[in-house]
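Look at the model below before reading on.

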Amino acid sequence: MENNKHDYIQKIYERMNATRRKYGTLKKCEFHLHTPASYDYNFYKNSLYSQLSTREIIDIAEEVNYINSTVKEQLMSNLEFYESEKYSEELSKENKPFTSFKEYFSYMLVAHKLYENDIEVAVVCDHNTVKGYKKLNYAVDEYFKMRLKKYSRSKNKQCVRVFLGVEISCSERNHLIAIFNENRERQVNSLLEEIISSESDGTYHTSQAVIDIISSKNLDAITYIAHLNSSN
């Protein structure tokens, strides 16, 4: 009798599971992620990214176990080169979407934290810009290839899927999130150039007006008001 009951429950579970899989699988998602592209980005322990030196970011990298002491020593000993214009030119020649070692290394640190926390999907929502999207997308891909693809024991380990989004500071102090298809990046950039006064101030439009503008341009965006109870 007990075995029959167990078999019955097992069959129900299998049917439910098969039905659920038809609609997709659950993913661990970072749904509102800022990057160093945000003008007010807090990089680590309430330290503004814009105020941190390359040396300080290397210190943080060791603290969060992205690099060990040996690698840190090598980076520090060659810091003059990494901060030079020549290194920035090398990034450009290699088609890496970064302007400096500090920026490149910082995005790799963000990628490190995403993988360390088993994040599978991340939606980039920088303040009034989408400049961080390509940079983070590059970083998560490079991190995966360098550290996980060849050496991961888990065959299910996948590269983090990065979505193109933006957080727009609107005139009534609402913060509007808009998430787009990444193939629309050029159109999204044009939209932001049209409506954003500055990355720190946002737009003079209300959130409803911005939603209407996005809709009129047929960008097929998902929009919602972030932290509706507070403009901070």
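A crossing of two helices is called left-handed if the near helix is turned anticlockwise from the far one by less than a right angle, and right-handed if clockwise. The model is predicted, so local features need pLDDT of at least 70 and side-chain atom pairs count only at pLDDT 80 or more, while totals for chains, interfaces and linings use all residues. Residues are numbered from 1 along each chain as its sequence is written, and side-chain values use heavy atoms, with hydrogens and water left out.

The protein chain has nine helices and nine strands. These are DSSP runs numbered from the N terminus: helices are H or I with at least four residues, strands E with at least two. Taken along the principal axes, the C-alpha atoms fill a box of roughly 75 × 50 × 35 Å.

Two packed helices are described by the angle between their axes and the distance between the axes. Axes are lines fitted to C-alpha atoms, for helices over the stretch in contact, and angles run from 0 to 180 degrees between N-to-C directions. Helix α2 (residues 54-63) packs against helix α6 (residues 101-116) at about 20 degrees, with the axes 10 Å apart. α2 is therefore roughly parallel to α6; angles under 35 degrees count as roughly parallel, over 145 as roughly antiparallel, 65 to 115 as roughly perpendicular and the rest as oblique. The crossing of α2 and α6 is left-handed. Thr54, Ile57, Ile58 and Ala61 of α2 meet Phe101, Lys102, Phe105, Ser106 and Leu109 of α6, where contact means heavy atoms within 4.5 Å.

Helix α8 (residues 185-195) and helix α9 (residues 207-216) pack at about 140 degrees, with their axes 12 Å apart. α8 and α9 are therefore oblique to each other. Their crossing is right-handed. In this contact, α8 supplies Leu191, Glu194 and Ile195, and α9 supplies Val210, Ile213 and Ile214.

Leaving out residues up to four places away in sequence, threonine 203 touches Ile168, Ser169, Cys170, Ser171, Ile195, Ile196, Ser197 and Val210. Its side chain also reaches the backbone nitrogen of histidine 205 at 3.1 Å.

Of the 232 residues of the protein chain, 40% count as buried.

Technical notes. Polar contact = N/O pair within 3.5 Å; in protein donor to acceptor, adjacent residues only side chain to side chain. Buried < 20%, exposed > 50% of the residue type's maximum accessible area, 1.4 Å probe, protein only.
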